[in-house]
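I am opening my notebook on a structure that is new to me. I want to write down what I looked up, entry by entry.

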Amino acid sequence: MTDQPIATAALVQQEAASLAVSLAPVYQDLHANPELSFAEHRTAALVADRITGLGYGVATGIGGTGVVGVLENGEGPTVLLRADMDGLPVLEETGLDYASVARGVDPEGNDVPVMHACGHDVHVTCLLGAAELLAARRDTWSGTLVVLFQPAEEAGGGAQAMVDDDLYARVPKPDIVFGQHVGPLPAGVVGTHAGPSFAATDAYRVTFHGRGGHGSRPQSTIDPIVMAASAVVRLQSIVSREVAGTDTAVLTVGTMHAGTKNNIIPDTAQIGVNIRSYEPHVRDRVVGSMERIIRAEAAASGAEREPVIEHTEAFPVLVNDPAATGAVTAVFADAFGANRVVDPGLVTGSEDVGMLATAADAPIVYWILGGADPQAFAAAYASGRMEQDLPGNHSSKFAPLIHPTLDTGIAALSLAALSRLAGTAATA
């Protein structure tokens, strides 16, 4: 890492802005054609084709649909830049000219709408831009650049699937991992936070077993819908009554499925539970309480069979390396201005990118990239209606601005990489 200031920061930003304009149609194409987790075939083919044309050595099909490009450029450290590619089963309601009307098949075999409601189209486009910018500036740095396009972040298995598919036997192991996630900060702003930053997540599929029958004769049945409904209400008391006010936890019941007709009491009912936490003792408390409540509600209803609790998804806490985060924050402040670099604090969202760093025994720096209309952000903040008026990730109305979101995202990835690659030039 050079001890000279990166005097090329202004030029990098100019080049990033130019690339953002040329890549805007690619972003719109990705947004209009999202794909579900582990089904990112079109997206993977698009990125593989583009980075091959830039001179990267390309490996495809890692962990299913993962794509990795490697650009070796002399002696020096190995830097990995990561973007995730998958969309969500959400019906888009943005009204954009390039809004998605795509559909897909979810893991349960259901036909569902698909939308880039979490901004992974932004992530892919920004990484394509950074890959192009850094390839064109090979005379200013030395080392190895790895650009990784990951499947299935939303499903919780993409990063681990790539690691399990011999990722680091197929591409160089990085000395540091960088990445970013677009969110409802003002476009042009980046948010960095050292230490624990993104929450751990645990997901559970819970099946209540009752005894079905005719809706006119409930006395002959054991109603699993009542069990499930009672459990949903009771589960909400865990965070408010069993977690200390000084600790952080979130519990959400995001799905509930039961029955086929309004006069038939079904045999089973199923709910999907999601838990977010930062500390192991908090996680253990919440999970234990969830299991106790679910079993107790089944027993209270006279269930003849224990409910089935399946652990379907888990991400660890994402911990940003303090020293590396401090260095990157300083680079961003110098390049963008201190007023455009903020500390978002703890984020209760979760990310599996940390698994790529852990598997390489490397530090990670992962930041928030603002994508909201600054005027809309300011108005929502002033009115105290941020949650109501500013659509965030996973909303059907989530629509990041193209500019300056792409401009800033391309520049941020490029500057972070250049801050670590040996031989970074001090002048253009």
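**Ground rules.** I note that this is a predicted model, in which local features need pLDDT of at least 70 and side-chain atom pairs count only at pLDDT 80 or more, while totals for chains, interfaces and linings use all residues. Residues are numbered from 1 along each chain as its sequence is written, and side-chain values use heavy atoms, with hydrogens and water left out.

**Entry: two helices.** I looked up helix 1 (residues 9-32) and helix 2 (residues 41-53), which pack at an angle of about 160 degrees with their axes 11 Å apart. Helices here are DSSP runs (H or I, at least four residues), as are strands (E, at least two), numbered from the N terminus; the axes are lines fitted to C-alpha atoms over the stretch in contact, and angles run from 0 to 180 degrees between N-to-C directions. Helix 1 and helix 2 are therefore roughly antiparallel, a term for angles over 145 degrees. The contact (heavy atoms within 4.5 Å) is made by Leu23, Val26, Asp29 and Leu30 of helix 1 and by Arg42, Thr43, Leu46 and Arg50 of helix 2.

**Entry: aromatic rings.** Searching the whole structure, I find six aromatic pairs, where rings of Phe, Tyr and Trp (its six-membered ring) pair if their centres lie within 6.5 Å, and planes under 30 degrees apart count as stacked, over 60 as edge-to-face and the rest as tilted. The rings of phenylalanine 178 and tryptophan 367 have centres 6.2 Å apart and planes at 55 degrees, so I record this pair as tilted. Since phenylalanine 178 lies in strand 7 (residues 176-186) and tryptophan 367 in strand 18 (residues 364-372), the pair ties together parts that are 189 residues apart in sequence. Phenylalanine 178 is buried, at a relative accessible area of 0%, and tryptophan 367 is buried at 0%, where buried means under 20%, exposed over 50% and partly exposed in between (1.4 Å probe, protein chains only). Ring pairs also link Phe178, Phe332, Phe336 and Trp367 into a cluster.

**Entry: a loop residue.** Where does asparagine 263 lie? I find asparagine 263 in the loop between strand 12 (249-258) and strand 13 (264-265), partly exposed with a relative accessible area of 30%. Leaving aside neighbours within four places in sequence, asparagine 263 is in contact with Gly213, His214 and Gly215.

Conventions: Angles under 35 degrees count as roughly parallel, over 145 as roughly antiparallel, 65 to 115 as roughly perpendicular and the rest as oblique.
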